[in-house]
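My entries follow in the order in which I looked things up.

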Amino acid sequence: MNLFDAQSTEFIRRHIGPNEAETRQMLETIGESSTQSLVEKTIPKNIHLPSELDLPASISEQEYLQDIWMVASKNKVFKTYIGQGYYNTITPSVILRNVFENPGWYTSYTPYQAEISQGRLESLLNFQTVVSDLTGLELAGASLLDEATAAAEAMAMLFHHVNPRTTDKPRFFVDNQVFQQTKDVLVTRAKPVGIELVFGDYQNAGIDNSYFGALVQYPNSSGTIEDYRRFIEDVHYQGGYIVMATDLLALTLLTSPGELGADVAIGSAQRFGVPLGFGGPHAAFFSTKETFKRGIPGRIIGISVDAQGNNALRMALQTREQHIKREKATSNICTAQALLANMAAMYAVYHGPEGLKNIASRINVIAEAIEEELTTLGFEQLNNTYFDTLRIRADRGVIEPIALQNQINFQYYTDGTIGISIDETTTQKDALDIVFVFASSKGTDEATIGFDSEISAAGKIPAALQRTSAFLTHPVFNSHHSETQMMRYIKKLEKRDLALNTSMISLGSCTMKLNAATEMIPLSWPEFASIHPFVPQDQAAGYKQVIDELSSYLSTITQFDGCSLQPNSGAQGEFAGLNTIMEYHRANNQEHRNIVLIPISAHGTNPASAVMAGMKVVVVKSDEKGLVDVEDLRNKAEQYKDTLGALMITYPSTYGIFEESIREICEIIHDNGGQVYMDGANMNAQVGYTAPGYIGADVCHLNLHKTFAIPHGGGGPGVGPICAKQHLLPFLPGHFSLDKGQPVSAAAYGSASILLISYAYIRMLGAMGVKKSTEYAILNANYMKVRLAEYFQIMYAGKNGTCAHEFIVDLRPFKTSAGIEAEDVAKRLMDYGFHAPTMSFPVPGTIMIEPTESEDKAELDRFCDAMINIYKEIIAVQSGEADKTDNVLKNAPHTQHVICMDNWEHSYSRQSAAFPLEYIRESKFWPAVARINNTYGDRNLICTCAPVESYAEAE
Ligand SMILES: *Cc1c(COP(=O)(O)O)cnc(C)c1O
């Protein structure tokens, strides 16, 4: 063995679970001679790539870190006062280390299995409480993708609310002083659904009854604090609604949007301790009135009760979401920045209401002190009112070079004025440096600044808009203000959650693989964390390199010609991809091509995204084997040949098999004038062996938070880049900061900082490693399939009897034979220390298992043993040996509290309930609550921390 080769390929062995001996045993179980032969059987011959991927060779973790350090040093960390929705912030170290850098928080999945997700659910409830309190609106959701898309979601929600059947009121007013990126995303999103945007000055907007709503920014993009009360009345009088884009930190000092009469408040929670990261990831917020509860986009966390009658948290009102509603869903939001929402919530918990107010007041005072000095120097400050942003009349040509020399970035408005947005990190020294820039433009080297303790914190906030209402009065925001308390609070919540640092999470379609520590480390470096998305391009040269190289790797992997990294989730990628197709059709005078064929088995985001892109969904059947019914597809493609816009198809299919007829399917669509959109959310069985571009698709999205190692973060962040063929490249998303095109996200490169993770993944695995990962994803899935097939019915298989990277276990027979449902199995798995696989998707009453390449044989065996023991438990119920209702499955999960109760009245033993297999004794994971009542929570919707009075009552 060459020791140097062994070093450079070491990460491959670290990333892939099974070693050589285990591989042999597993192949033997399957009855296969090699992983290659297994792959040959699984992936159809006619779509095998003819050659190896043109990617760099693998490198070690140490080499990578040295390399990326050099790249990082190409980014320049200047003092940045650009603002416009992005601000420097201090991530408290206790949150950085215990949340952001802690796999207990960042590797967990979306909290669908609520009983083992109570920690992050509590934190997200805190987030909702922060948003609801500060915006003064009763109902808040648990985060959206960014401020600009949150504005678009608000616009869409109101449009559908006001125009349920007709479009009598198609107009939406947008004030000129809304952030540029928000205006641009609104343009992208309004066009396909027929909303007419009108931009103007709110003070003479001339709103009539053709408007369904309006958007204003508070404080606005110039930095002034406008009193919108009259405007709001006017809009309401005309039957329209108000969306207010706002800033949580400013709201600690300002009258809340709710009190002013706004119907929806949106914005970014970034400045609550979440690094800039060249644009993301950050959590956006959305709050509104109870009236709109069925229309709210994204997740809402609510309080319910468990089987013991204790309070328990869960995701509420899920029937709004695309999993169930499909093309009638309120939005396509699935993955949505949960980790960042948790960080923002923790920031509020740590600082509490007084701490937040102090931070905001200090910002306001520093801004005032700078204003005073600049005015003394003879500059005119144009904002009569402001929270953090000054606007100075000065010559950019003179100021900018001096500022750059002093490593300072200002905002240069298009009207020639200069913006200075102060933030939490700004010190007295920084303020002096700012003054110095302006002073030296007048030829003086003498700059001074005085911080008059008499300056009132609210001096520049108009009296009529000063906040008088209390916020964050709940105990959780007033209890954890020392680092010891905070560290323990974070740990207390973490312990309630099952993440990848406990056991495998075998979520079919969602790909929960290793998120390697080395992939994460550079994210915390200031050279990546502290870069504002709108800095001059030469300050982000390191980012540019990562972005360019990653784009080229992804284009190679998908066999496409280009790529956009902008979408912040898979679903946003779908929208971006379909929008690209529609723009292409428009450019060819084919805008009437708005029919999209979607197989019945598609992920719910597909139809939801299609509707956002202005397309009409026509469903295509599957045959009894789970394959697309090619005849039905052909008939529909021909029937709609004059209006066919696209096909959306998932490959390998959502049933986990490679369709042999995929090339024929693509041809049928092309022959009838349509484009092929491939949902490549899960590429784990393709990379290195086949590719969407090679198969015949025109565009696809990828989920970097599935296949390319970005952690799920408890429901986000995500990156959903789209890759496309040459003819579609001119229509990919653009951004004003790149001087081109229409964006789908607020920042040009979306969640730029986490691109580093996928970049590291590909660099360290190299061409050989990514291909090996595919092999092992297929090997692991087939091994489990063979082991479980002795006990369970496995649905669907490819031509040769193999599955791809995932397979579906049919649990429906047990419902009739034993009264046991898929949900009982999912909850019982918790007693065995496991998170359930994907439930009831794509087939109701089934589970879909995807082990990924990162799990070793021992872990796969533990999971199989758990499933097999559960099978025996089901058979005991079926045979009458166990009680029909009082059994280990129906009562699962069993909490520590229940097991330890003095009186045990069940018909089975405590041992069999909590320790059914030997391995559990070594490391028992206890679910925090018993089975949660879902309908109770929806009927009694409570989405914020209980008010203080209820704690008082309880005591
Ligand atoms: C996960 C997934 C999506 C949606 O991705 P998000 O990032 O959650 O929006 C779309 N399609 C398929 C097949 C998926 O598995």
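I take two strands as paired if DSSP finds at least two bridges between them, with helices (H or I, at least four residues) and strands (E, at least two) being DSSP runs numbered from the N terminus. The model is predicted, so local features need pLDDT of at least 70, side-chain atom pairs count only at pLDDT 80 or more, and totals for chains, interfaces and linings use all residues. Residues are numbered from 1 along each chain as its sequence is written, and side-chain values use heavy atoms, with hydrogens and water left out.

Sheet. I looked up the partner of leucine 597 and found valine 618 in E17; E16 (residues 595-599) and E17 run parallel and are joined by five bridges. Both belong to an open sheet of seven strands with mixed pairing, in the order E15-E21-E20-E19-E18-E16-E17, whose edge strands, E15 (562-564) and E17 (616-620), each pair on one side only.

Helices on the sheet. I noted that H24 (residues 630-639) lies across E16, E17 and E18 (644-650), at about 150° to E17, where angles run from 0 to 180 degrees between N-to-C directions and axes are lines fitted to C-alpha atoms, for helices over the stretch in contact. H25 (residues 662-671) also packs on the sheet, touching E16, E18 and E19 (675-680), and its direction makes about 140° with that of E19; contact means heavy atoms within 4.5 Å.

Helix pair. I then checked H21 (residues 541-558) and H27 (residues 755-789), whose axes come within 10 Å and cross at roughly 60°.
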